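Please look over the protein below.

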Amino acid sequence: MLIGIDVGGTHTDAVAVESGNVVASGKVPTEHDDLLSSVLGALEIVLEAVLPEDVTRLNLSTTLSTNAIVEGRTDEVGVIVSSGPGIDPYNFQTGKYYFPVSGSIDHRGEEISPVVADEVAEAFDTCVAAGISAYAAVGKFSTRNPAHEESIASALAEKSDVISLGHRFSGQLDFPRRIATAYYNSAVWRMYNNFADAVEAGVRAKGITAPVNILKADGGTMPLERSRELPVESILSGPAASVMGVLAQQRVDADTDAPHDDILILDIGGTTTDIALLVADTPLVEKDGIAVGSFPTLVRALKTRSIGIGGDSELRYSAGALRVGPKRRGACIAAGGESPALMDALIYCGHAAFGDVDASRQGIETFAAECDMEPLELAKSVINLAVETISRAVHDFIAEVNSTPVYTIREMLHGNELMPAQVSIMGGPAESFQQLLTDALALPVHTVPQFAVANAIGAAMTRPTFELELFADTEAQTLFIPVMGEKRAVSARYTLTDAVLDAKEALIEYFRQRGLAVDVDDIQVTEKQSFNMVGDYGTVGKNIRVKCQITPGVEI
């Protein structure tokens, strides 16, 4: 018995799935000032039909971190960076409390000059005086030698609640991305951990003892405990749930192993429309990491695009023209709101019928009079504008995909341009848009089964992925797998190939200890790094790092 909960911009959905079938579902409005009440409210509806003790896993997709960043509700972060010569660290400044300090480690991991303790202390004093207790420490070559980051962390430990160290997020040599990733991780850490505390307590109070996992942006999951350390990984988990929702409900042709056509995914919610693409049943990924605001990060994510068009998008008349979105001023009039929204126009034109239809129609007529237009003309105009906006965004998205190297969650794709042969739509307004988008996109458009709760189904059926890292130092002849607590000796001749095999074996063992069978072919190596450590007389060993996880996918 799997439970999935998706916290969307307009509604929070929950489902219980048993043997691939939805046996219970619930939907409540999302209370942005109290997301916990939305999570528990949707869960309570599902638990009316499901015994808590029967639940074997609960997966949650949350907008908390994303919304906090977009709305500017994150903590101030003291960011201390050690870049060394050859680069201006101020080019990558993330916020007001940003402090480059002297000190340098070269690309081989050798210390050229130590971090100046007085500069760190001065930065720390400034932050403490401002009431800051969240920090990030990032060195330019910390993935080769984290000593400077660890030294800074040690100096800040006394009066800090969280210190995000750049080398812990990735082994990639991308200093700007590591700065942004560490910054955002600390910026949302307190809010996210308070939410995680409350979710865990609330779920346990309902009698559910099953593991709780959080969806990641790449379509995988991480245990709730792990997510407390890496809340930045939960950014954009909503669009990932959309993709997993389509995968979970794809009809598999039992008579052939041939891949399906490429499929465009549109998740039309109350606030936004999310766009994604499946290539032969495999999602595309942003291999280097997503951009959050204007800052590229190291957060691996499915390749998606979000636009401000949804069923509750506000209608406006400005500078002699009609506007739709991107803002939402509450629910549409049909659902009890006070201002006309896109869904009210769809109701007026007969594309939808729900809620207080009379109030909805009256709202459109009143708005049309204010604009000096006929109601039907106005309703058709705003619908056409919304459909044109979605269509334009789709074409831009496909053009972007075809203009850059494309990666799936398994491999890089080479060859012909990608062009979807069909469209799968989901979300509350999906049925209202089906024929409209069929005409606009000139493609077959199919409404996903269980379209209104497809994201929650995707969350429920996303399989455990769990990430594991292996570190090896052939000079010291040691190997360390932090999540397993494993430390052992290795040969001075230990190689990157050995490390990949050992990391996969450790991941299989991790799942075996928890009663889950994993095939080695289902393991995805997301990073592998090996570089020479140089001493006075040449190479003295290799520093090796491997990161792997179960390839994101859904339970079949």
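## Confidence

In the protein chain, strand 23 (residues 412–413) has the lowest confidence, with a mean of 72, and strand 6 (residues 98–100) the highest, at 97. The score is pLDDT, the predictor's confidence in each residue, from 0 to 100. Strands (E, at least two residues) and helices (H or I, at least four) are DSSP runs numbered from the N terminus. The chain averages a pLDDT of 89, and 96% of the residues score at least 70.

This is a predicted model, in which local features need pLDDT of at least 70 and side-chain atom pairs count only at pLDDT 80 or more, while totals for chains, interfaces and linings use all residues. Residues are numbered from 1 along each chain as its sequence is written, and side-chain values use heavy atoms, with hydrogens and water left out.

## Helix 10 and helix 11

The axes of helix 10 (residues 375–403) and helix 11 (residues 430–441) come within 10 Å and cross at roughly 55°. Axes are lines fitted to C-alpha atoms, for helices over the stretch in contact, and angles run from 0 to 180 degrees between N-to-C directions.

In helix 10, Ile383, Val387, Ile390, Ser391, Val394 and His395 meet Phe433, Leu436, Leu437, Ala440 and Leu441 of helix 11. Contact means heavy atoms within 4.5 Å.

## Tyr184

Tyr184 lies in helix 5 (residues 175–205). Tyr184 counts as buried because its relative accessibility is 7%; buried means under 20% relative accessible area, exposed over 50%, and partly exposed in between (1.4 Å probe, protein chains only).

Not counting residues up to four places away in sequence, Tyr184 touches Ile69, Val232, Val292, Phe295 and Thr297.
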